[in-house]
Amino acid sequence: MRMLAIVMAGVVSAGALPVSAQQYGPQPDEVTKREILGIREAAWRAWFANDRAGFERIVPAELVALGWDGGPWDDRARTVTQMGEFAKSGRKVTALEFPRNVWQRYGDVVILYTSYRIVLTGRAGQPEETSGRGTEVFVRRGGRWVHTGWHLDTVGR
């Protein structure tokens, strides 16, 4: 009976481990993680810089994007239009951070659960900060990773 109590205590306490100490399924290797992080960073920066060619190299036509503003589900064409609208606003990225990442890899698909923090220079030069969470999907196709979808939410603005 004592042994059962010890085993049960171990099982219960294992569930209390922080996210960084838990494994949520198959993990990509370190090379893949670096590639994905680079692609993710490039996609976000291309969007905010209105770099259509760079964005389309990373993000395929079948993109499904759910933005942090709760609007409609977007495809790549609509997302590119939004890039141009953002560029016309005159706002710029002054900070872009991804403080937390949790990975799952299933063959040629990687799901990246993340948190983000972004600071933009506002229309009047005032900083605008947004933070939130995201789920991003990457697929290995033709020997390279592409960013096929994301779902973002906001935690604070």
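This is a predicted model: local features need pLDDT of at least 70, side-chain atom pairs count only at pLDDT 80 or more; totals for chains, interfaces and linings use all residues.
Colleague: Let's start with helix H2. Why does its end-to-end distance agree with its number of residues?

Modeller: H2 covers residues 30–49, and at 1.5 Å a residue its 20 residues should span 28 Å, which agrees with the 28 Å between its end C-alpha atoms.

Colleague: Which residues of H2 are buried?

Modeller: First, the general idea. An α-helix has 3.6 residues a turn, so residues three or four places apart point the same way. Now look at H2: its buried residues include Thr 32, Ile 36, Ile 39, Ala 43, Trp 47 and Phe 48.

Colleague: Now the strands. How do S3 and S4 pair?

Modeller: Strand S3 (residues 109–121) and strand S4 (residues 127–141) are antiparallel, with 13 bridges. Val 110 is opposite Phe 138 of S4. Five residues separate the two strands of this hairpin, and Gly 125 in the turn has a positive phi of about 85°.

Colleague: And how do I read a pocket?

Modeller: Rolling a probe the size of a water molecule over the atoms shows where empty space is left. Here the largest pocket holds about 640 Å³ of space. It is lined by 27 residues, and among those closest to its centre are Trp 47, Phe 48 and Trp 68.

Colleague: Which element gives the most to that lining?

Modeller: Helix H4 does, with five residues.

How values were computed: Residues are numbered from 1 along each chain as its sequence is written. Side-chain values use heavy atoms; hydrogens and water are left out. Helices (H or I, at least four residues) and strands (E, at least two) are DSSP runs, numbered from the N terminus. The expected span of a helix is 1.5 Å times one less than its number of residues. Buried means under 20% relative accessible area, exposed over 50%, partly exposed in between (1.4 Å probe, protein chains only). Two strands pair if DSSP finds at least two bridges between them. On a 1 Å grid over the protein atoms alone, a cavity is a set of points where a 1.4 Å probe fits but cannot get out, and a pocket is an open set with protein on both sides within 12 Å along at least five of seven lines; lining residues have an atom within 4 Å of a point. Grid points are joined across faces, edges and corners, and a volume is the space filled by probe spheres set on the points.
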